[in-house]
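Trainee: I am new to this structure. Please take one part and walk me through it closely.

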Amino acid sequence: MARLIPRPNPLSASKALVSGSGTVSAPGPIKLVTRGQPITASSGTAANATDSDYSSVWTASGLPATITLNVSAFRSSIVPDGSGFTPFMLSINDIFTGYLSGAGNFSDYTIQVSTASAGGAPPTSGTTVVTVTGNIYAAKAHLIDLTGINWVIISITSSSASFQFDGFDCSNSGNVAHTAVKAGHLLIGDSIDAFSLALDPQGLPGSPLSIGDQVKAILGGPYTPPTQMAGIPGWGINSAFSWLAAQGSSTYFENAVAQTPFGNIDLLLGTNNATENVGYSLTYSGLVAMKDICVTYDKRLIIHNVPWGFATNLVNGRAGVDQALIDICTNFPGRVIAGADRHTYYFNNQVFVGPDGVHFTGDGNAAHRELISSVIAIYGAGA
Amino acid sequence: MATTLTTAARNAACDAVVDLLDIGSTDATGDIAFSTSAPATLATNNLANPAFGSSSTGVATAGTIAQGTVSGSSNPSTVALALFRNRNNVEVFRCAVAVSGSDINLSGVSVNDGDTIDITSLTYTQPA
């Protein structure tokens, strides 16, 4: 017969306690860190590529040409994220038109990095980290690991035309540069959009700031998000969605989305797009396809609606387009976000619409620039 | 009856635990791994070395804690745990994290890559 053995009462004590408090903070402001940094070139005025005046550009007397930036002053302020990723965002911009492809782009180029002494003479070569051939984009951005690097060298061996280069711009946030890249914007629209949003658009009143600088001015702080233009002359609904037709193994739209490191794709279907009267179904299905591509590449699609205008084709054709733009935002929250309400803005400011009822006036272009900048400012650093 | 620790015993118990964070040689300091409930690490805040000061009436106060930066988040991910690890990255103890009413209260627990976590106060208490 088993005996029951009484167990002693266990000693008990209160459990130890951890007590603490802390804060979670969003990334710091995105700064344009390359502005005014030491730069040299094989010919021409290299400093034009890093000054604050986008109307002054660097051109070289011939090819091959190199431009070499000393990154030592700011490199140490770029903090790698947990994976050791230390990105460098480089924009090579067609500054005047804002077109996807146009004068000023480099067809073939390399980007090299060098650990040569920061205080010595600029190196003439380094380790190649980027090689591009057959580039069609007038604005490009690359991510470069700057760990231990003092110099970045761009070497251009083929250009589509006499190039104009003014975009040796690197942005990084206060703590993690990767965030600055994710907060960048690729702006896709028609010629009206491209012209008014270019780095240095011609014919606008005053001296327009770049979109990044305009966002900085709106927020009143050192916040200069990178932007990449991808305008298409005469882009209409049909031509916009022809971007979804296969081009090799991909599509123009997909290629444009895939090539940018930026996290935001701004779709600016313009007044041209509504004049073709293609209706709701084609517009909506095209937008869904664009949304799907953005999802594939982990991008956020921002929809800016069609500006108000009074051209007959625009008035008669826009209803289906407008509804499709509303529905794509409603049906895919989080992935598709409503941007600027350009219809209401230009309806309330009809003086900004030119005599053809489609294009903006000079002041209308400047207003458009401010409107889009204000939306980018609202979305902030990767929010 | 419940056991009651003397102050000396409380201090000894408290110091014994927090001093475990200083053991190891892989890293210069122990750390706090702020993690999801899984747990999956979202940010690592390095502790001082020693991590905590000497216990007084059963309470040890942490030294300066370095800022941690969030990475590997699902953008967003939710911070739910704080794993206290020694210099060899071996867990010593863990506690809960929330916005309020928890062991460690943060201003927010929904975090994205690039967010930073700063700890403004931290104590370890061995009750009587």
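Mentor: Let us take the parallel sheet of chain A. Keep in mind that this is a predicted model. The sheet is open and has 5 strands, in the order 12-11-15-16-17. Their pairing is parallel. Strands of a sheet pair through backbone hydrogen bonds, either parallel or antiparallel.

Start at the edges. Strand 12 (227-232) and strand 17 (336-338) of chain A stand there. Each has a single partner strand, so one side of each is left without a neighbour in the sheet. From one strand to the next, the twist averages 20°.

Now look at strand 12 of chain A and its partner. Strand 11 (residues 185-190) of chain A runs parallel to strand 12 of chain A, and 6 bridges join them. For one landmark, find G189(A): opposite, in strand 12 of chain A, stands G231(A).

Helix 9 (residues 312-331) of chain A lies across strand 16 and strand 17 of chain A. Helix 9 of chain A runs at about 125° to strand 17 of chain A.

So strand 17 of chain A is an edge strand with one side left without a neighbour in the sheet.

Notes. Residues are numbered from 1 along each chain as its sequence is written. Chains are lettered from A and ligands numbered from 1 in the order in which they are written. This is a predicted model: local features need pLDDT of at least 70, side-chain atom pairs count only at pLDDT 80 or more; totals for chains, interfaces and linings use all residues. Side-chain values use heavy atoms; hydrogens and water are left out. Two strands pair if DSSP finds at least two bridges between them. Helices (H or I, at least four residues) and strands (E, at least two) are DSSP runs, numbered from the N terminus. Axes are lines fitted to C-alpha atoms, for helices over the stretch in contact, and angles run from 0 to 180 degrees between N-to-C directions. Contact means heavy atoms within 4.5 Å.
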